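Me: I have a chain to go through with you. Let us take it in short questions.

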Amino acid sequence: MVVFSKKILTLWHNKRARFVAGAIFLTLFLLITQIVSFSWRYFSILGLFLFSFLFSIWSLSEGVGNWSVKIITAILPSFFSVAVAMFYFLFPESLVYQVFLLIAFGLVIYIIFLTENIFTVAAMRTIALSRAAQTVGFLITLLTAFFCYNTIFSFRLFGWWNALLILAVSFPLFFQVLWSAKLEEGFDSKTLLFSLIFSLIVGELSLIVSFFPVNVLTGSLFLTCAAYILIGLGSAYLVGRLFRQTVKEYLVVGGLMFLFLLITTSRRG
C-alpha cells in the first residue's frame, strides 16, 4: 500500500501526469455542465472556469516564481473551457456530435497545458520549442475567440451589449497571445496597450456587424478574421518583424474576409 501511494505521488508530481489528469477532469466537468438542470447550468460553467484557472496556476507554477506569468498562462485554458461549454449549447443534440466534442475538448485542453508549460519555461530562458508553441497558442486563441463571438451573437442582444461583451472577452485573450510573442517575465505596458486598442477595435466592429443582416456564423468569422489580422500585426511589431510584405499578407486576408461579409449579407425583408 505504501509503495502504491508513493507511485501515485510520483505520478502526481510529474507535470504531464497532472496535465492528463486535468484534461480528463475538465472533460468530465464539461459533461456535467451539460447534464445539470438549466437553472444550474451557468453556475456550473462558472465553476468550470474557476477550476480551470486554479488548476492551471497550480499545475504550471512549478519552478515559476513570477505570479504574473502564472496568471497569464492560466487565461487560455480557462477561457477555452468556458467557450466550449457555451458553444456546446449550439451543437446539434446528437450523441455522436457530443461525444466527438468531449474527446476533442480533452485533447485540445491537454495541448493547451503543454503549450502554456513551454511558455512558462521560455519566459525564463530561450528554448527551441517556443516558436511552435506560439503558433499553436495563436491558433487556439483564434478558435476560442470564434467560440466566444459565436455564442455572444447567438444571444441576439442589442449591439452595444455585443460590443461590451466582445470587448471584455477579447482583452484577456489578446493580451495572453501578444505576451507569448515576447515571453517576458511580467506585464509589459506596450502589450497591455495593444491588447486594449485591439479589443476596442474588435468591439466596435461587432457593433457595426450587429446592424448588418448577417447570420451568426458570418459575423463571428468576420470578427475572428479581424482578431487574426490585429494579433498577427501586433505580434510582428512587438518582436520587430513588422515588414511591408507581412502587412500586405494580413491586409489581403482582411480584404477577402470583408468581401465575403458583403457577399453573404442577406437583404432585409
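Me: What share of the 269 residues in the chain is buried?
Reply: This is a predicted model. Buried here means under 20% relative accessible area. Of the 269 residues in the chain, the buried share is 49%.

Me: How many helices and how many strands does the secondary structure of the chain come to?
Reply: From the N terminus on, the elements run α-α-α-α-α-α-α-α-α-α-α. The count is 11 helices and zero strands.

Me: In which helix is confidence lowest, and in which is it highest?
Reply: The mean pLDDT of the chain is 84, and 90% of its residues reach 70 or more. Over residues 2-12, pLDDT stays under 50, and the model has four contacts beyond four places in sequence for them. Where pLDDT is low, the predicted coordinates should not be read in detail. Confidence is lowest in helix 1 (residues 2-13), at a mean of 46, and highest in helix 8, at 94.

Me: How do helix 7 and helix 8 run, roughly parallel or roughly antiparallel?
Reply: The axes of helix 7 (residues 130-154) and helix 8 (residues 159-182) come within 10 Å and cross at roughly 175 degrees. Angles over 145 count as roughly antiparallel. Therefore helix 7 and helix 8 are roughly antiparallel.

Me: How many charged residues are in the contact of helix 7 with helix 8?
Reply: Helix 7 contributes residues including F138, A145, Y149 and F153. From helix 8 come, among them, L165, V169, L173 and V177. By class, the contact has 13 nonpolar and eight polar residues, and the charged count is no residues.

Me: T151 is in helix 7. Which backbone oxygen does its side chain reach?
Reply: T151 counts as buried, because its relative accessibility is 5%. Its C-alpha atom is separated by 8.8 Å from that of S220, 69 residues apart along the chain. The side chain of T151 reaches, at 2.8 Å, the backbone oxygen of F147.

Me: Is T33 buried or exposed?
Reply: T33 is found in helix 2 (residues 15-35). Leaving out residues up to four places away in sequence, T33 touches R41, S44, I45, L48 and A85. Its relative accessibility is 0%, so T33 counts as buried.

Me: Among contacts in the chain with a separation of 6 or more, what percentage comes from residues 24 or more positions apart?
Reply: A contact means heavy atoms within 4.5 Å. Taking those with a separation of 6 or more, residues 24 or more positions apart account for 75%.

Definitions and conventions:
Residues numbered from 1 in each chain as written. Predicted model: local features only at pLDDT ≥ 70, side-chain atom pairs only at ≥ 80, totals over all residues. Heavy atoms only, no water. Axes fitted to C-alpha atoms, helices over the stretch in contact; angles between N-to-C directions. Helix = DSSP H or I, 4+ residues; strand = E, 2+ residues; numbered from the N terminus. Parallel < 35°, antiparallel > 145°, perpendicular 65-115°, else oblique. Nonpolar A, V, L, I, M, F, W, Y, C, P; charged D, E, K, R; others polar. Buried < 20%, exposed > 50% of the residue type's maximum accessible area, 1.4 Å probe, protein only. Polar contact = N/O pair within 3.5 Å; in protein donor to acceptor, adjacent residues only side chain to side chain. pLDDT = per-residue confidence, 0-100.
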